[in-house]
Amino acid sequence: MESLYGILHGLAVAAQPAHLLYTLIGVFIGTMISHLPGIGPSAGIALLIPVTFGMDPSTALMMLAGIYYGCMYGGAVTAILLNTPGDAAAVMTVLDGYPMARKGRAGAALAIAAVSSFIAGTMGVTALAFVAMPLAAVALHFGPAEYFSLIFFALTTVSALTGESLAKGMMSTFIGLGLATIGIDLQTGVPRFTMGFVQLQDRVSFLVVVVGLFAIAEVTRMVEGTLQGTMHTVRVQGKLWFTRQEWRRAKPAIFRGSAIGFFCGAAPGLGGTIAAMLAYVTEKKISKRPQEFGHGAIEGVAAPEAATNADTCGAFVHLLALGIPGSGSTAVIMGAFIMYGIQPGPMLFTTHPDLVWGLIASMYIGNLMLLVLNLPLVGVFARILYVPPGILLVLILGIASAGVYSFNMDVFDLFLALFFGVMGYAFRRLDIPKAPLIFGLILGHTVEQSFRQAMTISSGSLMIFLQSPISVFLLLCAAASVLMSMWAKRKPAAELHKAVEQAAEGG
Amino acid sequence: MRDWVLAGCAIIGALIYLYADSQLPLVRIGDPLGPKIFPAIIGGGLLLSGLLLMLETYRKRQQVASVSVVPLPAHLPVDRQRPGVLLAMLAWTVVYYLAFEPVGYLVATVVFLLGLLTMFHRKKPLTNLAVALGFTAVIYAIFTQLLHVPMPPGILEFL
């Protein structure tokens, strides 16, 4: 009941003209970013953070969240028309979306993607609104030991379940945690690992890392794209709607996809790509016509699209209720929260109710805006695809540089961002996932503080982590996620490979 | 092969990190752990991940003989030109960042963008000039006027 009041209150906040405007700007930018191959939501949000510094935090966060789900929404367009996912999560939409477009059903594929995204988004926000508050109430009772175990769990899942290799995920997490230890130690005042740089005493700036790792590193991907040359675009023909029969096939897939997506989002670190993969594989398994998958089955577009959009809402559950990001992009949004001086977590619902509920309600409005934006304007947005990538990549580098400099007005940050850009390039070449690094960096400080506080309470005994049942449960979950990655990981990956092969044969 | 090198780098990095950690002063003010213990755990974890990667790579190599590995579609074919182009871009960006304050935002950015545009968007010098000038002007206006961030004037200080 309290959640219902919260949503109504939030709607009143989100419906203020300024908030509406910035939500619209956010989803608009998100849709545009999703049309740029190579630039994902994390990079988009990071590039926009400097622009939001003067703004009121609620407005800024509504806009940044809008970029995130707007990007997820629009990722399908490039998948369907270009055979290239606009963001990583849209990779499954390619498998059936592009074959549909080749068969002349591009309009139907785009429409079903937009409608599934809308339904999943709305269901996801509703679930978020009703789950987040009870979860926050439980989390209020967490002490340092429970918090440590919770973050430990989040870090374990993100290292174990993103990417192909457990070792590389772990490596990325520990590099992130290591970066978080740079700077003056708050409890003792000892400067750690600053390598003599005064600028590093105040810790490594989160924004600099994210812009470098995502925006600057992604530019290199675009460079590779321009050097390689051609991409084949399918033009949209005919009416932008689906037939009744197509809807009948897609409808159950949308609901199943939404449920899978929300649960994947609510498990920290799973992320949209895995949600989409699971939704796709599930649909294929229960379908009466599995042979059509990969050749333009409409369920193959509806289910993963629903899953990725519900996943974004699930990812917000942790961020708002526990202060733990649910995905790489929510980690970047969490960085923005902290930069505005707001610590996301269970207290948020009592200290900043306007902000939390306003943000949740703005997601309803944003979803509606996206549906309206996407259906009639899909042709207009698709024109972004024809902007020469040679120009785009240069502009992205320009925006990234100006944004990083504006943060501290220090050239040192520019070089640091470039260093992380090179590192991001190396990560991509070596198949090291980036999300765990961001998790480590953003949670490193809190996890160290809770660890040290817990150890202070217990006078240095590790048993404190095994005395609380919640803590034990979370540690067991962490162990389970590692085991799961070891035993079951190969399976969806193998399925994905098979599906991709089939798509390649069919296309 | 790449993964062997990566594992080696991680292990060396972890050792350097652990050494730097051991050099930190031992301070314990109302805190039984002090500033050194937690980084030591992280360094140990990084070391472990390097060793684990070695194990994974070793196992994978044994498997390759029996199972053929299907590459993911995201992998693009290697272009011979690319390393050179990327290195040139990196060097050009370093020059831009070095010039950022002494030369000033406006001049440095226009030159930087024009250089990159000439490289990646060839045969359209007029469009490129317009993009470089227009983009720099818009970004400069947004940051100095809207966000009140003074961008370095450099050689245009007299303006």
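This is a predicted model: local features need pLDDT of at least 70, side-chain atom pairs count only at pLDDT 80 or more; totals for chains, interfaces and linings use all residues.
When I speak of helices and strands today, I mean DSSP runs, with a helix being H or I over at least four residues and a strand being E over at least two, both numbered from the N terminus. Residues are numbered from 1 along each chain as its sequence is written, chains are lettered from A and ligands numbered from 1 in the order in which they are written, and side-chain values use heavy atoms, with hydrogens and water left out.

Let me start in chain A with Gly189(A), which sits in the loop between β1 (183–184) and β2. At 43% relative accessibility, Gly189(A) counts as partly exposed; here buried means under 20% relative accessible area, exposed means over 50%, and partly exposed is in between, using a 1.4 Å probe and protein chains only. Between Gly189(A) and Ala108(A) there are 61 Å from C-alpha to C-alpha, and the two are 81 residues apart in sequence.

Further along is Phe193(A), in the loop between β2 (191–192) and α9 (206–228) of chain A. Most residues other than glycine have a negative phi. Phe193(A), although not a glycine, has a positive phi of about 50°, and with a relative accessibility of 12% this phenylalanine counts as buried.

Is His148(B) buried or exposed? His148(B) is exposed, its relative accessible area being 64%.

Asn367(A) lies in helix α15, residues 353–382, and counts as buried at 3% relative accessibility. What does Asn367(A) contact, leaving aside its neighbours within four places in sequence? With those neighbours set aside, the partners of Asn367(A) include Tyr69(A), Tyr73(A), Ser117(A) and Phe118(A), and also Gly121(A), Thr122(A) and Val125(A).

Thr59(A) belongs to helix α4, residues 57–82 of chain A, and is buried, with a relative accessible area of 6%. Neighbours within four places in sequence aside, Thr59(A) is in contact with Ala18(A), His19(A) and Tyr22(A). The C-alpha atoms of Thr59(A) and Ala160(A) are separated by 35 Å, the two residues being 101 apart along the chain.

Glu292(A) is placed in the loop between α11 (271–286) and α12 (299–321) of chain A, and is partly exposed, with a relative accessible area of 28%. From Glu292(A) to Asp311(A), 19 residues along the chain, the C-alpha atoms are separated by 26 Å.

Now to chain B as a whole. Chain B has five helices and zero strands, and of its 159 residues 37% count as buried. Among contacts in chain B between residues at least 6 apart in sequence, 57% join residues at least 24 apart. A domain assignment, which may be automatic or from a database, gives domain 1 (2–66) and domain 2 (96–158) in chain B, and the C-alpha centres of these two domains lie 42 Å apart.

Last, the second largest pocket, which has a volume of about 1,100 Å³. Of the 35 residues that line this pocket, the closest to its centre are Ile175(A), Leu179(A), Phe419(A), Met423(A) and Gly13(B). The elements that give two or more residues to this lining are α8 (166–180) and α17 (411–429) of chain A, together with α1 (2–22) and α2 (37–64) of chain B. Which element supplies the largest share of the lining? That is α1(B), with 10 residues. A pocket here is found on a 1 Å grid over the protein atoms alone, as an open set of points where a 1.4 Å probe fits, with protein on both sides within 12 Å along at least five of seven lines, and lining residues have an atom within 4 Å of a point. Grid points are joined across faces, edges and corners, and the volume is the space filled by probe spheres set on the points.

Key:
Contact means heavy atoms within 4.5 Å.
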